[in-house]
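Here are my notes on the model, as numbered points. Please read them with the structure open.

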Amino acid sequence: MDKGLEKIAEFIRQEGPFDGVIGFSQGGAATAIVASLLEPGRRQAFETAYNKDPQKFKYPSSFINDDGQAIQPPMTFAIVYSGFAAPFELYSAFYEPKITTPVLHFLGSLDTLVDETRGRVLIDSCERGSQRVVTHPGGHFLPSQKVWLDAAIGFVKECVIGAATKKDIKEEDVEDMDVPF
């Protein structure tokens with residue numbers, strides 16, 4: 001796990017920052033983990049879990065800059081195809097507290113490699129208002145028909161436009177305005 005996260009962090013440092021992350025199967029599991037690691041307060045959750053049980057996974061140092069901050073701001077969105085949560089209690093801090101990054105989950109109703117039960121564990125690890133679930137009538141693959149692509153595109157647009165709107169509102173805060181009185 002450490003080596004894989006180091007490689008991902010190295011890529012983020014070299015090519016990022018990124019607005020979102022998308023993954024399939026094991027990459028879907030990694031997608032949720034990366035989104036989680038970049039969320040505010042996640043490092044403290046890891047420290048708390050580790051202090052209670054030193055067998056727990058530590059927050060990866062590769063995701064921390066020299067200034068002590070995360071290597072990039074939180075992701076604006078994540079899309080998980082046939083993803084699942086890391087199955088061991090050792091990794092609980094990735095999911096507790098729940099992932100707050102908006103996540104679109106695609107489940108295949110005929111998926112025999114990552115069945116719905118495993119996918120639902122990850123879905124339940126995401127905050128209710130920030131996750132969406134789409135079930136396609138296929139197996140363990142990325143659905144490529146227009147209806148499924150439209151769902152992904154619509155989700156990304158909604159997340160990116162929503163993030164831009166929040167930034168605009170923040171920039172126009174009355175506290176920041178020069179007023180003559």
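**Notes on the predicted model**

1. The sheet. Four strands form an open sheet in the order S1-S2-S3-S4, with parallel pairing. Its edge strands are S1 (20-24) and S4, each of which pairs on one side only. On average, neighbouring strands of this sheet are turned by 10 degrees against each other, direction ignored. Bear in mind that this is a predicted model.

2. The S2-S3 pair. Strand S2 (residues 77-81) and strand S3 (residues 103-108) run parallel and are joined by 4 bridges.

3. H4 lies across S2, S3 and S4. Against S3, H4 runs at about 175 degrees.

4. The largest nonpolar core. This core has 30 residues. Which of them touch the most other members? They are Leu 5, Leu 37, Phe 46, Phe 63, Phe 94 and Tyr 95. Helix H1 (2-15), H2, H3 and S2 each supply at least two residues of this core. The largest share, 5 residues, comes from H2.

5. Leu 37. Leaving aside neighbours within four places in sequence, Leu 37 is in contact with Leu 5, Phe 46, Phe 63 and Phe 94, and also with Arg 42, Tyr 59 and Pro 60.

6. The second core. A separate core of 10 residues includes Tyr 81, Val 134, Trp 148 and Phe 155.

7. The buried side of H3. Helix H3 (residues 42-52) has four buried residues: Arg 42, Ala 45, Phe 46 and Ala 49. They sit on the same side of H3, because they cover an arc of only 100 degrees around the axis. What covers them includes helix H2 (26-37).

8. Ser 125. This residue lies in the loop between helix H4 (116-124) and strand S4 (131-136). Is Ser 125 buried or exposed? Its relative accessibility is 11%, so Ser 125 counts as buried, the cut-off being under 20%. The side chain of Ser 125 reaches the backbone oxygen of Val 121 at 2.8 Å. Beyond its neighbours within four places in sequence, Ser 125 is in contact with Tyr 95, Lys 98 and Ile 99.

Conventions. Residues are numbered from 1 along each chain as its sequence is written. This is a predicted model: local features need pLDDT of at least 70, side-chain atom pairs count only at pLDDT 80 or more; totals for chains, interfaces and linings use all residues. Side-chain values use heavy atoms; hydrogens and water are left out. Buried means under 20% relative accessible area, exposed over 50%, partly exposed in between (1.4 Å probe, protein chains only). The arc is that of the directions from the helix axis to the C-beta atoms. Contact means heavy atoms within 4.5 Å. A polar contact is a pair of N or O atoms within 3.5 Å; within protein, one must be able to donate a hydrogen and the other to accept it, and residues adjacent in sequence count only if both atoms are side-chain atoms. Two strands pair if DSSP finds at least two bridges between them. Axes are lines fitted to C-alpha atoms, for helices over the stretch in contact, and angles run from 0 to 180 degrees between N-to-C directions. A nonpolar core is a set of buried Ala, Val, Leu, Ile, Met, Phe, Trp, Tyr and Cys residues joined through side-chain atoms within 4.5 Å.
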